[in-house]
Number of protein chains: 2
Amino acid sequence: MDKKISLAVIKRLPRYYRYLGDLLDNGITRISSKDLSKRMNVTASQIRQDLNNFGCFGQQGYGYNVELLYDEIKKILGINKQYNLVIIGAGNIGQALVNYINFQKRGFNFIAMFDVNPRLIGMTIRGIEIYDIDTLEDFLKTHNVDIVVLTLPKNNAVKVSKIIIDCGIKGIWNFSHVDLKTPPNVVVENIHLTDSMMTLSYKLNNKDCIIDDEY
Amino acid sequence: MDKKISLAVIKRLPRYYRYLGDLLDNGITRISSKDLSKRMNVTASQIRQDLNNFGCFGQQGYGYNVELLYDEIKKILGINKQYNLVIIGAGNIGQALVNYINFQKRGFNFIAMFDVNPRLIGMTIRGIEIYDIDTLEDFLKTHNVDIVVLTLPKNNAVKVSKIIIDCGIKGIWNFSHVDLKTPPNVVVENIHLTDSMMTLSYKLNNKDCIIDDEY
């Protein structure tokens, strides 16, 4: 696919996937964009417009075949494949991610963790070993790693991001509280918990003055 | 403030706050929107436009006073106040949040956790006790709770969200993999980890076809 797609559209795809999965779980096999729109709280025209970026899925007068669309979005998202992940920073968030079995169910397989803390090195969490950060480069060079998860303090995150990019890593899931500068062929997805907490604080203090254009 | 502000703008505020904090840490006391724009990878006109929503902070030919702007954004975000938080779901993510001391530093104080698991009930994590979910309503009615954090499976999250809203809770930080339907006077901020992971998967598979309009 050569057409460029806006990140705003892309970020809605997992949401479509989630709602379609719920429909399937409830035995619903077909749905109009209007009905889907009501459930998802977005306009029907936005749904049609979003999905049209990726192909022709709906049928006039019939709507969407739920299972077909679900499978198509799965392929579009690339979650029909398997990924090897490494976590750097075996603290609370890192350990929580490894313990969250849903990721593995979806093909995201954690194969190693790394830390600087001697008390953590050598431990295993759900069968995943925590290695010394000093062995990271060797590990990345000798294993097939698709995604590195950064769950370490921000100063170290910047340093480590340079090392992993030099080792050829192309995907970073960044939980560290910093925006990473990366070359164009490396993609980053951020989870900034503190930013999210602050956004909630704003919302709480300004309930009536927000245009909710999130989706 | 009566003017309605787009959520897209609001979500950029914590990022401004973060960058201004870094500038302060580095002893930089004043900055032009142009220099800030370079650091943050957004246009200078976007910065001016965003901040103008909240008042008049810059000065032609001088730029922004970093400390002043930092303090103003702090107030705008409402993070100059203290908040009491309760976590429902004392699993891995819930525990990780309690252990993350940065939240407390910023005035977000966890005062209790709740769970259904008898093995967890009665335990304390960083001094925060895990209570039986059956005592939740009583707790909420007798304590001043500003924000409830939902870190439990999606079906239970929907059920629990109704209970806490009935108890008068106005702010929900939702880590459960579901969109909650709430009345207009209740605000929700979502962290959907699985959605984020899928977005990363898409990015990884379509590096050259993304318009990066995230900020």
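Predicted model: local features only at pLDDT ≥ 70, side-chain atom pairs only at ≥ 80, totals over all residues.
In chain A, seven strands make up an open sheet with mixed pairing, and their order is β6-β7-β5-β4-β8-β9-β10, where two strands count as paired if DSSP finds at least two bridges between them, and where strands (E, at least two residues) and helices (H or I, at least four residues) are DSSP runs numbered from the N terminus. At the edges of this sheet stand β6 (124–125) and β10 (187–190) of chain A, each of which pairs on one side only.

Residues are numbered from 1 along each chain as its sequence is written, and chains are lettered from A and ligands numbered from 1 in the order in which they are written.

Let me stay with chain A for a moment. Chain A has 10 helices and 11 strands, and its C-alpha trace spans about 60 × 40 × 35 Å along the principal axes. Of its 215 residues, 35% count as buried; a residue is buried if 20 or more other C-beta atoms lie within 10 Å of its own, exposed if 12 or fewer do, and partly exposed in between, with C-beta atoms placed from the backbone. If we take the contacts in chain A between residues at least 6 apart in sequence, 57% of them join residues at least 24 apart, a contact being two residues whose C-beta atoms, placed from the backbone, lie within 7 Å.

Within the sheet of chain A, strand β4 (residues 83–88) pairs with strand β8 (residues 147–150) in the parallel sense over four bridges, and Leu85(A) stands opposite Ile147(A) in β8(A). Across β4, β8 and β9 (171–174) of chain A lies helix α9 (residues 154–166), running at about 170° to β8(A); such angles run from 0 to 180 degrees between N-to-C directions, and the axes are lines fitted to C-alpha atoms, for helices over the stretch in contact.

Two loop residues of chain A deserve a comment on their backbone. Most residues other than glycine have a negative phi. Asn41(A), however, has a positive phi of about 65° although it is not a glycine, and this residue lies in the loop between α3 (33–40) and α4 (44–52) of chain A, where it is exposed, with 11 other C-beta atoms within 10 Å. Arg126(A) likewise has a positive phi, near 50°; its place is in the loop between β6 and β7 (128–132) of chain A, and with 11 C-beta neighbours inside 10 Å it counts as exposed.

Now to the second copy. Chain A can be laid on chain B with an RMSD of 0.0 Å by a turn of 180° and a shift of 0.0 Å along the axis, the superposition being by least squares on the C-alpha atoms of residues with pLDDT of at least 70 in both. The two copies are thus related as by a two-fold rotation axis. The same surface serves both copies, since 98% of the contact residues of chain A recur in chain B.

In chain B, an open sheet of seven strands with mixed pairing has the order β6-β7-β5-β4-β8-β9-β10. Because β6 (124–125) and β10 (187–190) of chain B each have a single partner strand, one side of each is left without a neighbour in the sheet. Helix α10(A) packs on this sheet, touching β4, β5, β8 (147–150), β9 (171–174) and β10 of chain B, and its direction makes about 170° with that of β10(B). Several residues of α10(A) are buried, among them Met197(A), Leu200(A) and Tyr202(A).

Which strand does β4(B) pair with over six bridges? Strand β4 (residues 83–88) of chain B pairs in the parallel sense with strand β5 (residues 108–115) of chain B, and Ile87(B) stands opposite Met113(B) in β5(B). Four bridges join β4(B) to β8(B), again running parallel, with Val86(B) opposite Val148(B). In turn, β8(B) and β9(B) pair in the parallel sense over four bridges, with Ile147(B) opposite Gly171(B).

From β8(B), Ile147(B) and Val149(B) point one way and Val148(B) and Leu150(B) the other way, and all are buried. Not counting residues up to four places away in sequence, Val149(B) touches Leu85(B), Ile87(B), Ile88(B), Leu97(B), Trp173(B) and Phe175(B). Val149(B) is also one of the residues with the most contacts inside the largest nonpolar core, which has 110 residues; such a core is a set of buried Ala, Val, Leu, Ile, Met, Phe, Trp, Tyr and Cys residues joined through C-beta atoms within 7 Å.
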